[in-house]
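Please open the structure in a viewer and keep the sequence panel at hand.

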Amino acid sequence: MRKTIKIAALALMVSMTAVSCKKKVSDAELTSQATTVITAYPGTTVEVKEGQAHLSGVFATEADKQAAIEALKKVQGVKDVHDMATVAPVAAPVEVNTVDAAVLQKVNDALKDIPGVKAEDVAGTLTLTGSTTSANARKVKESVDALKIGKYDNKITVK
């Protein structure tokens, strides 16, 4: 009976030693595995310290960031993921100024009887161009002001 107890104790000691000596994955190996997981997201990095993954960098979308976090959580040996990454801001649409076509047409209609003067859209600003006499230049100004279109650029040359 003593012999059986000794054998059982020895077996228990060997099994506990085997469990406690189980190979731990190093942080360097975990970092390598985690880096492989996030290679699909340029501009991002991950470092593992004591089994804790620290994710940083800039993601294109929030969905990409969440997908990377979930993928890192699946790496065997990673205990937790610390999110220190950001999402790139969405660029505001570029506003292009243009003169309303109806306004441009009204101004050109008002100028049709004055030779050598025309209205056009120059970089989003209503611009009067051409050359005319001083009397006609005064008529142009009065006609355009009567339309109450607001601000415009007068580049008419008076002869």
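What follows is a series of selections in a predicted model, each with a short account of what is found there.

**The whole chain.** Begin with the protein in cartoon form. Five helices and seven strands are present, and from the N terminus on they run α-α-β-β-α-β-β-α-β-β-α-β. Of the 159 residues, 24% count as buried. Among contacts between residues at least 6 apart in sequence, 50% join residues at least 24 apart.

**The hairpin of β1 and β2.** Next, select residues 44-49 and 52-59, which are β1 and β2. These two strands form a hairpin with two residues between them. In the turn, E50 has a positive phi of about 55°. The pairing of β1 with β2 is antiparallel and extends over six bridges; one place to look is T44, whose bridge partner in β2 is G57.

Select E29, a residue of helix α2. Is E29 buried, partly exposed or exposed? Its relative accessible area is 36%, so E29 counts as partly exposed. The C-alpha atoms of E29 and V48 are separated by 8.9 Å, although the two residues lie 19 apart along the chain.

**The largest nonpolar core.** Select I38, V46, L55, L72 and V81, the residues with the most contacts inside the largest nonpolar core, which has 16 residues. At least two residues of this core come from each of α2 (27-37), β1, β2 and α3 (62-73). Centre the view on L55. Leaving aside neighbours within four places in sequence, the contacts of L55 include I38, V46, A68, I69, L72, V81 and M84. Another core lies apart from this one; it has 13 residues, among them V117, L126, L128 and Y152.

**A lysine in α3.** Select K65, which is found in helix α3. Why does K65 count as buried? The reason is its relative accessibility of 10%, given that buried means under 20%. The side chains of K65 and D83 are joined by a polar contact of 3.1 Å. Beyond its neighbours within four places in sequence, K65 is in contact with F59, D83, A85 and V87.

**The sheet of β5, β6 and β7.** Move on to residues 117-122, 125-132 and 153-158. Which strand order does this open sheet have? The three strands lie in the order β5-β6-β7, with mixed pairing. β5 (117-122) and β7 (153-158) are the edge strands, each pairing on one side only. From one strand to the next, the twist averages 15°. Strand β6 (125-132) pairs with β7 in the parallel sense over six bridges, and G130 has I156 of β7 as its bridge partner.

Notes:
Residues numbered from 1 in each chain as written. Predicted model: local features only at pLDDT ≥ 70, side-chain atom pairs only at ≥ 80, totals over all residues. Heavy atoms only, no water. Core = buried A, V, L, I, M, F, W, Y, C linked by side-chain atoms within 4.5 Å. Buried < 20%, exposed > 50% of the residue type's maximum accessible area, 1.4 Å probe, protein only. Helix = DSSP H or I, 4+ residues; strand = E, 2+ residues; numbered from the N terminus. Contact = heavy atoms within 4.5 Å. Polar contact = N/O pair within 3.5 Å; in protein donor to acceptor, adjacent residues only side chain to side chain. Pairing = 2+ DSSP bridges. Axes fitted to C-alpha atoms, helices over the stretch in contact; angles between N-to-C directions.
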